[in-house]
Amino acid sequence: MTNQINYTDTDLCVKCGLCLPQCPTYNLTKNENESPRGRLALIQGWSEGHLELTNTLSEHLDNCLTCRACEQMCPAKVPYARLINDFRGDTNTTEHNKLSLLERSFISRLKGQYRKSLNFFLRFYQKVGLNKLPLQLNTYLPAKISSNQFNETYPTVVAERRGHVALFTGCATEVLDSKTLEDTVFLLQHCGFDVSIPPNQHCCGAIDLHAGNHQQALKLAQNNQNTFDNTHYDAVITVASGCGSTLAEYDHALSKKVVDISDFIAPYLSTLSFKPLKASAWLHTPCTLKNAHPSTTDITELLANINELNIRSFKPNQMCCGAAGSYMLTHKETATTLRDQTIAPLKDHTIDYLLTSNVGCALHIRSGLKQAGLNTTTLHPVSLLAQQLKV
């Protein structure tokens, strides 16, 4: 046994079972070992020397999506996600070895310093038609990847300057969904803010954190803390909720400045005019916005600034869509099942737009919509607002 971390917080779990209905893997399997309280019992048994670290035990822990829905329901406030991440780091329990060589290489470059070159490569990759090959990774690529060349500073374009913010680009968003970043800058400028995009920012560290790579996650966090350590920034804006929830839990002053884009622009949209849009939109709320870094804004109210837009939302108890960072690559079967359950209600309606605030969810759900033959455009809510803004 190699447990080097204090796991006494597993004692907080009173085994009440309130977490069971919230857990995606338990609901799929009805296996107690695939539930939050079951996993805590396994960690507890292993840390106290009563259980061996077998492949079966490790698999149950690795199957967790870390959606944190259980934490929201837990009356004892068990720090479940931290315990799972600590266990994975302490035991090297991760299924990243199930990734193909192409997938491992892609994720490595995605988190690194060469995101601009990766973006260029993927645009070339699409241009020559390699995205048509029957590769798992290709099912998640957007139909068109935009260039991620940004200026370091964008001044406000309205007379009333309200402040100066920094934009955290995120690794996957910068490479695969730079349009959302462009639209975010556009909206912030029209809300009266100067926008800076520090060039030396790195991945937030979420992928490494959930894989148990604590040292690498800490290294990335320290880099971002140095990069955004500017007292002139009124806020650090995030567009991907996974990045926002990770940055908000940094042990640094930066965490206090992190604001999700929807929360930040909410007070200013009433000063803007939007073109009406006769269309239907379905709003998806990522787990990170519900459970890890809850939004204070009703995004449907933001979208209500667009007249004639018919907005629907998933039920509040909607399960995780299965994306969960790299989970959709390492646990393809479970991720696909959860995604199919997520999009099932959409099949009974004509939906023009699926709106979600996390790039991983967007890639995963977009793939499912395409496979289901649904002609639905997947966007970040700010992109639809930017699209309809009158200028």
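**Cores, cavities and a pocket**

Modeller: This is a predicted model. Start with the packed part: the largest nonpolar core has 55 residues, and Phe106 and Leu176 touch the most other members. The largest share of this core comes from H19, which gives five residues.

Biologist: Which residues is Phe106 in contact with, leaving aside its neighbours within four places in sequence?

Modeller: Those residues are Leu118, Leu122, Leu137 and Leu176. Another core lies apart from the largest one; it has 40 residues, among them Ile197, Leu303, Leu355 and Leu379.

Biologist: Now the empty parts. How is empty space found?

Modeller: A probe the size of a water molecule is rolled over the atoms, and this shows where empty space is left. In a cavity the probe fits but cannot get out, whereas a pocket is open.

Biologist: How many cavities of 30 Å³ or more does the structure hold?

Modeller: The structure holds two of them. The largest cavity has about 140 Å³ of space. Its lining is made of 16 residues, and the closest to the centre are Cys13, Cys19, Leu40, Cys74 and Val78. Helix H2 (36-47) and helix H4 (69-73) are the elements that give two or more residues to this lining. The largest share is that of H2, with three residues.

Biologist: How does the lining of the largest cavity divide into nonpolar, polar and charged residues?

Modeller: There are 13 nonpolar residues, one polar and two charged.

Biologist: What is the volume of the second largest cavity, and which residues are the closest to its centre?

Modeller: The volume of the second largest cavity is about 80 Å³. It is lined by 14 residues, with Cys23, Pro24, Arg39, Cys64 and Cys67 the closest to its centre. Two or more residues of this lining come from each of helix H1 (24-29), H2 and H4. By class, nine residues of the lining are nonpolar, three polar and two charged.

Biologist: And the open spaces: what is the volume of the second largest pocket?

Modeller: That pocket has a volume of about 810 Å³. Of its 39 lining residues, Leu141, Pro142, Ala143, Lys144 and Arg366 are the closest to the centre. At least two lining residues are supplied by each of helix H8 (171-176), helix H9 (178-190), helix H19 (359-371) and strand S9 (377-379).

Biologist: Which element gives the most to the lining of the second largest pocket?

Modeller: H19 does, with eight residues. The lining of this pocket has 15 nonpolar, 18 polar and six charged residues.

Conventions:
Residues are numbered from 1 along each chain as its sequence is written. This is a predicted model: local features need pLDDT of at least 70, side-chain atom pairs count only at pLDDT 80 or more; totals for chains, interfaces and linings use all residues. Side-chain values use heavy atoms; hydrogens and water are left out. On a 1 Å grid over the protein atoms alone, a cavity is a set of points where a 1.4 Å probe fits but cannot get out, and a pocket is an open set with protein on both sides within 12 Å along at least five of seven lines; lining residues have an atom within 4 Å of a point. Grid points are joined across faces, edges and corners, and a volume is the space filled by probe spheres set on the points. Helices (H or I, at least four residues) and strands (E, at least two) are DSSP runs, numbered from the N terminus. Ala, Val, Leu, Ile, Met, Phe, Trp, Tyr, Cys and Pro count as nonpolar, Asp, Glu, Lys and Arg as charged, and the others, Gly among them, as polar. A nonpolar core is a set of buried Ala, Val, Leu, Ile, Met, Phe, Trp, Tyr and Cys residues joined through side-chain atoms within 4.5 Å. Buried means under 20% relative accessible area, exposed over 50%, partly exposed in between (1.4 Å probe, protein chains only). Contact means heavy atoms within 4.5 Å.
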